[in-house]
Amino acid sequence: MRRSVFTGVLLVALGFGTAELGAETGNFTASAQQKAETAEVEIDNFSFGPAELTVPAGTTVTWINRDDIPHTVVSTDKVFKSKVLDTDEKFSFTFSKAGTYPYFCSIHPKMTGKIIVQ
Ligand SMILES: [Cu+2]
């Protein structure tokens, strides 16, 4: 008698575990279908890498400063503008419209890059 009660509890516990796992799998599939595209540009040695990046519309681009001096990411057409990024700091912008978005570092204007959104 004691044993069968124990087995019942164990089965219920297992059942809940399986249900939770199923729910998580469902969420994961749903978010994957939304296709939240992301891309990264690394800033290092006074340059943007890659200097020219092509992404689909809706992509969130994140710039990361891997240099040991501060940089900024400023759109030539004033579409976006980061604050001064210290080492390992990030700036993100979501490109919802197709177009070509040139940008530069306002501290070192010779540093330039371009995001092409399709
Ligand atoms: Cu710079």
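Helices (H or I, at least four residues) and strands (E, at least two) are taken here as DSSP runs, numbered from the N terminus. The structure is a predicted model, in which local features need pLDDT of at least 70, side-chain atom pairs count only at pLDDT 80 or more, and totals for chains, interfaces and linings use all residues. Residues are numbered from 1 along each chain as its sequence is written, and side-chain values use heavy atoms, with hydrogens and water left out.

The copper ion is coordinated by ND1 of His71, SG of Cys105 and ND1 of His108, at 1.9 to 2.2 Å. Donors are N, O and S atoms within 2.8 Å of the metal (3.2 Å for Na, K and Ca), and since water is not among the atoms, sites may look incomplete. Along the chain, the donors of the copper ion follow the spacing H-x33-C-x2-H. Histidine 71 belongs to the loop between strand S4 (59–65) and strand S5 (74–75), whereas cysteine 105 belongs to the loop between strand S7 (99–104) and strand S8 (112–117), so the pair ties together parts that are 34 residues apart in sequence. Solvent exposure was classed by relative accessible area: buried means under 20%, exposed over 50%, and partly exposed in between (1.4 Å probe, protein chains only). Histidine 71 is buried, at 0% relative accessibility, and cysteine 105 is buried at 0% as well.

Turning to the strands, an open sheet of 4 strands has the order S2-S1-S4-S6 with mixed pairing, where two strands pair if DSSP finds at least two bridges between them. Strand S2 (47–49) and strand S6 (90–95) stand at the edges with a single partner strand each, so one side of each lacks a neighbour in the sheet. From one strand to the next, the twist averages 25°; axes are lines fitted to C-alpha atoms, for helices over the stretch in contact, and angles run from 0 to 180 degrees between N-to-C directions. Strand S1 (residues 38–44) pairs with S4 in the parallel sense over 6 bridges, and threonine 38 has threonine 60 of S4 as its bridge partner.

The loops hold some backbone details worth a look. Most residues other than glycine have a negative phi, and most peptide bonds are trans. Asparagine 45, in the loop between S1 and S2, has a positive phi of about 50° and is exposed, with a relative accessible area of 61%. Aspartate 88, in the loop between S5 and S6, has a positive phi near 70° and is partly exposed at 46%. The peptide bond from glycine 49 to proline 50 is cis, with omega near -5°; proline 50 is found in the loop between S2 and strand S3 (52–55).
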